[in-house]
Amino acid sequence: MKTETFLRILAGLLCAGNTGAENPLEFREYTQTVRLEFLSPREAQQAQLLANPLPKNYKLAVSARWDDSAWEHLRTLEHMKKYGLKGTFYQNNPVWCLRRDPDYLKTLQTGGCSIGLHTVTHPHLPCVDSVSHFREYMRNRIMLEVSGQACINSQVLPFCDWWEPVAHVTGSIGHGMRAAGIISSPDVMMKSEHRPALGHPPRGHAYSRILTPGDREPKLAVFEKQLKSCLADAETLRENPSISMAMHSWHSEEGLKTLDLIFERLARRPDWWYCNQTEYGAYRYEALNCSVRKETQDCAAIFSITRMTPAELGADVPLWFTVSAATPLKAAGGRLHGTLLEVPHDSQREVPRKIGRMMKNGTSSEFPELSLTLASLGAGKWRAVIKNQGRSDLRECEFTFRFPAVWEKAAMRADLPAVKAGSSASVTVVQPSRRPELYFQYGAPYAALQLDFRRNGKQNRLYAEWEEPAPEKLPLPPDDAALICEMPPNADPAGISRPDTVLAKSGLTASRHIRKRKNAGPYSIHPVIDNRKWPRDTAVLAILDFETDSASPLQFRSRSLEAWLKCEIWFNGKKIGPAHSGTVDLQPLSGRNRLVFRTPPNHGIVFTLTGREDSQIKFLKTE
């Protein structure tokens, strides 16, 4: 990128510096004071302090992103270290890697790298229930923070899948991210016009543009083309000044040689910040949301900086400012670098150094002397109880309650100054409201509690969870109702989709190579295919019957109507779609109707079917 282009971007970012930001995620804050000395009282009065969009005068944040719990990440890491590159390794459940090497996650954090979230089971997120949007990330975070003994604030999407033209679905996914404490994503959602549907507030989420030159056999020419395009996109860089190499450690030996060439082109640029995504997310949230107040005393300007605690951010990256309109001579409370001011976090504010969790038996191997429980008291009231049976007091106890999208608040906070040794204490929060829509009633209820505290001068963290069985007597959801089978040769989907067709006479039976998900969403059909036994190039046929008490038109809405997804849909004997808008009108019969979906294996289907407010739609067990 040309120097003048970068300067324009930097100037725009500095002008956007916020002296009274809102802290949209309501992170805990504290205030630091910096005193700057100037040559004259006039200069002290003129001086301004603007938060830099990136540390120092860096113009671009550069990292790498590697998905899944893969042993090959260790090999990728060694190649990154050769060039001084940092990155984040996004894990699911790395149980087999940890069995092979208990230090697997800790090794991945060497060389300035970090670990991130990729959900526990790697589902198509739009296809699972609303509670699972939160649980998949929250349990992932608890598991990885405890195993890796490091804070996490960043995620990447399974299958890069997140958007549906169904507001409840996409909004629930975004709520689940916020509830789990995610503030950073190097992902495909970065430039999408659908991104606001996630509900991330302005200045509440840091995005990075991903460069994807290939996994097994990366192509140098593809990388150079992508990088050139990215660096020329001044508008995107102004909002999100970050790129990230992606995405799997599947490289062949020849591919690793090309990867070295790519890393060599990325490395050692003095005006780029080489960071991991945890650092990037923490810095961007704080830079965009800190606030600055000023007063003067003779030749001194005293700045009060309100910033977020490292425990909330997930990293203790120093905050950098530009001193404008005057040149400072010296500083107290920060480090001067010419007209740049570096402000490290207060030494008493740090990320947790020891992280534990309460097990189902009520004990914690990391903190055996503590007991932490979370309970629902009904009517939106939640209580946390901490029992301290140790010999040391717990200081600065910060309780963060985390909830799925059925509740209005993604996270709620309540604090205690101390819990004495040998004593107990409790805190209670009340959710403002619960969402009434049927969509949010599905799934096994779940919530989590995070307790950050200081003990013997060290910062610690302990998690507890709460869950109940899934509610009974809810309407039958499509995934439970549908008949899912292998697409027979010479099948007639139009004929099969007529509601008077007897399926047993058509030779259609449920495939033994398909199982149903336990947490499929109430708007989805999400079969799980055994790829090892599935007949090659054989499509999935999903047949869904429903009744309606009215013959008035229905609106069918689904991303599966988009042609590029290669999903064919029939309704009552006629093919519908494709439709780029994701919406078509259907004329149902009063009584039994039938939808038939032909999809590639392991392709989830998400849809809504709505009619008049007084109409009733009931899915039927299809056999």
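Student: Which residue stands opposite lysine 330 in β13?

Tutor: Glutamate 37 stands opposite lysine 330. Residues are numbered from 1 along each chain as its sequence is written. This is a predicted model, where local features need pLDDT of at least 70, side-chain atom pairs count only at pLDDT 80 or more, and totals for chains, interfaces and linings use all residues; side-chain values use heavy atoms, with hydrogens and water left out.

Student: How many bridges join strand β1 to β13?

Tutor: Two strands pair if DSSP finds at least two bridges between them. Helices (H or I, at least four residues) and strands (E, at least two) are DSSP runs, numbered from the N terminus. Here 3 bridges join β1, residues 29–37, to β13. The two run antiparallel.

Student: What is the order of the strands in the open sheet?

Tutor: The order of the 4 strands is β10-β11-β1-β13, with antiparallel pairing. β10 (291–297) and β13 (330–332) stand at the edges with a single partner strand each, so one side of each lacks a neighbour in the sheet. From one strand to the next, the twist averages 25°.

Student: At what angle do helix α6 and helix α7 pack?

Tutor: Axes are lines fitted to C-alpha atoms, for helices over the stretch in contact, and angles run from 0 to 180 degrees between N-to-C directions. α6 (residues 130–148) and α7 (residues 167–179) pack at about 30°, their axes 8 Å apart. Angles under 35 degrees count as roughly parallel, over 145 as roughly antiparallel, 65 to 115 as roughly perpendicular and the rest as oblique. α6 and α7 are therefore roughly parallel.

Student: Which residues of α6 make the contact?

Tutor: Contact means heavy atoms within 4.5 Å. Ser130, His133, Phe134, Tyr137 and Met138 of α6 make it, with α7 residues including Val169 and Ile173.
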